[in-house]
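Open the model in your viewer and keep the selection tool ready. This tour goes stop by stop, from the chain interface to pairs inside each chain.

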Amino acid sequence: MRVDYEIENAAEFDTKIAETPAVLVEFVGPDCIICRNIAPMLSVIGREFSSQLDLVSVDLSRLAALAERFSIRSLPTMILFVQGREVVRRSGFTTAAELRAWINSALQGMSVS
Amino acid sequence: MPADPLPFIALTPPEEATGPLKELYDDLERVRGKGRISNLFKAYGKFPELGKANFRRLNILLTKGALSVKVKEAVLVALAEINHCEYCVAFHATAMRASGANTGEISAARNFDSTALDLSDKERALFEFALKANGDPHAITRDDVERVKSLGASDADLVEILETVNTGNSFNLFAGALNVGADDFLHYSLEEARFLDEEAA
């Protein structure tokens, strides 16, 4: 299921969220050092959870309207959408272990396949 | 574009080393064996006193302290992965194996998964602490510190694991920025680390 790529525009974002059972969206920016630091962790998580969710990133310097729409105040912010609905979010650096626990907890009991 | 195979600075071969640089090279051979002068330390040799200080720092880190070499090498493997330093991954994966780790544990370190590392609860927590500090030192909270301490970590353990992070990052930076990756001395590591690719296949 997983496709790890950067969303190009708001319409693509809406389609992705609406049509994919579970999507982890990473909101990033070009000057965000922590975003670069978290990237290797997310890459591993994307592989590990590839049967359960898609992983995409949104560069808010290009898609600023999405920052406003989702009230994003700091980067990186990660939001997990399930069936088109925001389920959980977190901001700042997160280790792979913390991400595993966070995603597993959020997906527990949900059918996303 | 193919990767540039050559270092970006001139590295002095051992036979041309004199003075403080020769002292550094002699130190390396005394500890690691004849001919085992890595390109990384040849690069540091451009500032021999700094090279000697850093080699001493590395030796202190790996031979002194209370933490196992295995947990420190696991952190160094993870950092090398984070820093996209394939050469460093191979080198430290080999060192991690020499410290008793099996292939599954090396893979776990590369995937930042402390649960699959055969370490004490304290050292697993310190591995996670190291990765968090590396990602954003300001994200570390008093609760993070208290958690590792509740598992038996001392103040000295915290210093030791953070210095492991510092050392790994500084060496990865040198290897990357000066392109000192492949060298004859460490080919054995790259060869030995073929098991990493075999496992992934």
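A polar contact is a pair of N or O atoms within 3.5 Å; within protein, one must be able to donate a hydrogen and the other to accept it, and residues adjacent in sequence count only if both atoms are side-chain atoms. Keep that in mind for the first stop. Note too that this model is predicted.

**Stop 1: the interface**

Show chain A and chain B together. Eleven residues of chain B are in contact with 13 residues of chain A. About 990 Å² is buried between the two chains, and carbon and sulfur atoms give 62% of that area. Now select B:Asn111, B:Phe112 and B:Gly135. Together they supply 43% of the area that chain B buries against chain A, more than any other three residues.

Turn to the polar side of this interface. Five residue pairs are in polar contact across it, both residues at pLDDT 80 or more. Select helix α7 of chain B, residues 121-135. This helix brings five residues, the largest share of the side of chain B that touches chain A. That side divides into three nonpolar, three polar and five charged residues.

How many salt bridges does the rule find across the interface of chain B and chain A? The rule finds one. Select A:Glu98 and B:Lys132 to see their side chains meet in a salt bridge, 3.2 Å from N to O.

**Stop 2: inside chain A**

Over all chains, the salt bridge count comes to 19. Pick A:Lys16 and A:Asp54, whose side chains meet at 2.6 Å, N to O. A:Lys16 lies in helix α1 (residues 10-19) and A:Asp54 in strand β3 (residues 54-59), so the pair ties together parts 38 residues apart in sequence. Are these two buried or exposed? A:Lys16 is buried, at 11% relative accessible area. A:Asp54 is buried as well, at 3%.

Next, select A:Glu6, A:Glu8 and A:Arg62. A network of salt bridges links them.

**Stop 3: inside chain B**

Go to helix α1 of chain B, residues 19-32. B:Lys22 and B:Asp26 sit four residues apart there, about one helical turn. Their side chains form a salt bridge of 3.1 Å, N to O. B:Lys22 is partly exposed at 39% relative accessible area, and B:Asp26 is partly exposed at 36%.

Finish with B:Glu163 and B:Arg57, a salt bridge of 2.7 Å, N to O. B:Glu163 lies in helix α9 (residues 155-177) and B:Arg57 in helix α3 (residues 48-63), so this pair ties together parts 106 residues apart in sequence. B:Glu163 is partly exposed at 26% relative accessibility. B:Arg57 is partly exposed at 24%.

Notes. Residues numbered from 1 in each chain as written. Chains lettered and ligands numbered in written order. Predicted model: local features only at pLDDT ≥ 70, side-chain atom pairs only at ≥ 80, totals over all residues. Heavy atoms only, no water. Contact = heavy atoms within 4.5 Å. Buried area = accessible area lost by both parts, 1.4 Å probe. Salt bridge = Lys/Arg side-chain N within 4 Å of Asp/Glu carboxyl O. Helix = DSSP H or I, 4+ residues; strand = E, 2+ residues; numbered from the N terminus. Nonpolar A, V, L, I, M, F, W, Y, C, P; charged D, E, K, R; others polar. Buried < 20%, exposed > 50% of the residue type's maximum accessible area, 1.4 Å probe, protein only.
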